[in-house]
Amino acid sequence: MKHLTPKEAHDFLQQHPDALFIDCRSEIEYLYVGHPKDSIHIAWQDGPDWDVNPDFLGHVRKTAPVHRPVVLICRSGQRSAAAGRYLEKYGFIDVYNVAHGFEGDLDEKHHRGTLNGWRHDGLPWEQT
């Protein structure tokens, strides 16, 4: 798996329109915090128990063959990295993780969005 900054991921997606861009955060995060424009939502983990989604692999496979580039994003890059390793385990060969995720790392006051991340970098996003 390759790790890209949000800006690198955005550039990669522009250069590879065939890539699948998956936001793997929870449904609540995707809907209420916002999400990268043109991403699709397939939760890696979701409430109420926060177990790994047993249908994650099946949903990804329905959307993309194993040779298609897959770019994953979550809140900070941790869940998407775990999801990426999982996809590689099951044969996906071109997997990318967005480092710092959508909201970015925690700052000294434990707030996100002030240091880095997709939104911090001014990349296209929307809220539904």
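## Position of P65

In which loop is P65 found? In this predicted model, P65 is found in the loop that lies between α3 and β5. Its relative accessibility is 39%, so P65 counts as partly exposed. P65 and R119 are 54 residues apart along the chain, and their C-alpha atoms are separated by 29 Å.

## Helix α4

Helix α4 consists of twelve residues, 78-89. At 1.5 Å a residue, a helix of this length should span 16 Å; the C-alpha atoms at the ends of α4 are 17 Å apart, which agrees with that expectation. After α4 comes G91, which has a positive phi, near 100°.

Several residues of α4 are buried, namely R79, S80, A81, A83, G84 and L87. The elements covering the buried residues of α4 include the helices α2 (27-33) and α3 (56-63). Also among them are the strands β1 (2-4), β5 (70-73) and β6 (95-98).

## Loops on either side of α4

S76 belongs to the loop between β5 and α4. With a relative accessibility of 12%, S76 falls under the 20% limit and therefore counts as buried. When neighbours within four places in sequence are left aside, the contacts of S76 are A99, H100, G101, G104, D105 and R112.

D94 is placed in the loop between α4 and β6. The side chain of D94 forms a polar contact with the side chain of Y96, at 2.7 Å. Not counting residues up to four places away in sequence, D94 touches K2, H67, R68, P69 and V70.

## The largest pocket

The largest pocket of the model has a volume of about 210 Å³. Its lining is formed by H10, L13, Q14, H16, P17, A19, F21, K37, D38, W118 and P124. Helix α1 (residues 6-15) provides the largest share of this lining, with three residues.

What classes of residue make up the lining of the largest pocket? Six of the lining residues are nonpolar, three are polar and two are charged.

Notes
Residues are numbered from 1 along each chain as its sequence is written. This is a predicted model: local features need pLDDT of at least 70, side-chain atom pairs count only at pLDDT 80 or more; totals for chains, interfaces and linings use all residues. Side-chain values use heavy atoms; hydrogens and water are left out. Helices (H or I, at least four residues) and strands (E, at least two) are DSSP runs, numbered from the N terminus. The expected span of a helix is 1.5 Å times one less than its number of residues. Buried means under 20% relative accessible area, exposed over 50%, partly exposed in between (1.4 Å probe, protein chains only). Contact means heavy atoms within 4.5 Å. On a 1 Å grid over the protein atoms alone, a cavity is a set of points where a 1.4 Å probe fits but cannot get out, and a pocket is an open set with protein on both sides within 12 Å along at least five of seven lines; lining residues have an atom within 4 Å of a point. Grid points are joined across faces, edges and corners, and a volume is the space filled by probe spheres set on the points. Ala, Val, Leu, Ile, Met, Phe, Trp, Tyr, Cys and Pro count as nonpolar, Asp, Glu, Lys and Arg as charged, and the others, Gly among them, as polar. A polar contact is a pair of N or O atoms within 3.5 Å; within protein, one must be able to donate a hydrogen and the other to accept it, and residues adjacent in sequence count only if both atoms are side-chain atoms.
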